[in-house]
Amino acid sequence: GKGKGGNLTVKAAESLTLVGNGVISTSTFGDGDAGNLTVSARDIEMSRLGLFAQTENKGNGGNLTVEVAESLTLQDGAIISTISLGDGDAGNITISARDIEIIGKSPDGKYFSSLTAEGRAKGAAGSITINSNNIRLENQARLTAETQAGDQGSITINNNKDLILRNNSRITTNATDSATGGNIAIKTENLVAPDNSDISAN
């Protein structure tokens, strides 16, 4: 239909642990825009679970916001993502946390633990903005913005202390077909990327 989707807010006063093979999402399958997804807690730990804001038609996808006072951990293939699978633009991702860890992939090896903004059809990818003190990507973890037709898909990292990538981890923007790729802007005190880890804008 043409109506706009409602917003979804998940809030915990203390710690929030999300484990399993399910998803928490806002979506639109018609002309109306999807609602926004907001998750907040003192600490968040995610394992094998996805937070998604997506569009599959003409409506624009919602924005995805994660607000954490202390630590955010994604492991075992956990994913935070905005996706466009249709003509509408994907929403933006904003992450605010003191410490962020993105580690490894799912036990079956199919999914990397990741923050992603994707435009897989005609819609533009969203942008990713991270505000933090320390970020660690380990064991093939991913922070990516990719688009096939639309523009945007930029990554902005405002990090006060250490940004560390280890063991084939990646921070990338990637554009294919007719798309214009996004930029990567990083502000951090220390940047360490050994062990075939990479930061690239394509």
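Q: Which residue of strand 13 stands opposite Thr-94?
A: This is a predicted model, numbered from 1 along each chain as its sequence is written, and side-chain values use heavy atoms, with hydrogens and water left out. Local features need pLDDT of at least 70, side-chain atom pairs count only at pLDDT 80 or more, and totals for chains, interfaces and linings use all residues. Strands are DSSP E runs of at least two residues, numbered from the N terminus, and two of them pair if DSSP finds at least two bridges between them. Strand 10 (residues 93–96) and strand 13 (residues 128–132) run parallel, joined by four bridges, and in strand 13 the residue facing Thr-94 is Thr-129.

Q: What is the strand order of the open sheet of seven strands?
A: The pairing in this open sheet is parallel. Strand 1 (8–11) and strand 19 (184–187) each have a single partner strand, so one side of each has no neighbour in the sheet. Neighbouring strands are turned by 5° against each other on average, direction ignored (axes are lines fitted to C-alpha atoms, with angles from 0 to 180 degrees between N-to-C directions). Reading across, the order is 1-4-7-10-13-16-19.

Q: Which residues of strand 2 make up its covered face?
A: Strand 2 (residues 15–19) has an uncovered face made of Ser-15, Thr-17 and Val-19. Val-19 also stands opposite Ser-47 in strand 5, and five bridges join strand 2 to strand 5 (residues 43–47), the two running parallel. That leaves the covered face to Leu-16 and Leu-18.

Q: How many residues of strand 12 are buried?
A: Buried means under 20% relative accessible area, exposed over 50% and partly exposed in between (1.4 Å probe, protein chains only). Ser-114, Thr-116 and Glu-118 point one way from strand 12, with Leu-115, Ala-117 and Gly-119 pointing the other way, and all are buried. For strand 12 (residues 114–119), then, the count is six of six.

Q: What is the volume of the largest pocket?
A: On a 1 Å grid over the protein atoms alone, a pocket is an open set of points where a 1.4 Å probe fits, with protein on both sides within 12 Å along at least five of seven lines, and lining residues have an atom within 4 Å of a point. The lining counts 14 residues, with Ile-79, Ser-114, Thr-116, Glu-118 and Arg-120 nearest the centre, and strand 9, strand 12 and strand 15 each supply at least two. Taken as the space filled by probe spheres set on the points, the volume is about 260 Å³.

Q: Where does Gln-140 lie?
A: Gln-140 is not a glycine, yet its phi is positive, about 70°. Its relative accessible area of 25% makes it partly exposed. Gln-140 sits in the loop between strand 14 (134–138) and strand 15.

Q: What is the relative accessibility of Asn-168?
A: Asn-168 is another non-glycine residue with positive phi, near 65°. Its loop lies between strand 17 (162–166) and strand 18 (170–175). Asn-168 counts as partly exposed, at 29%.
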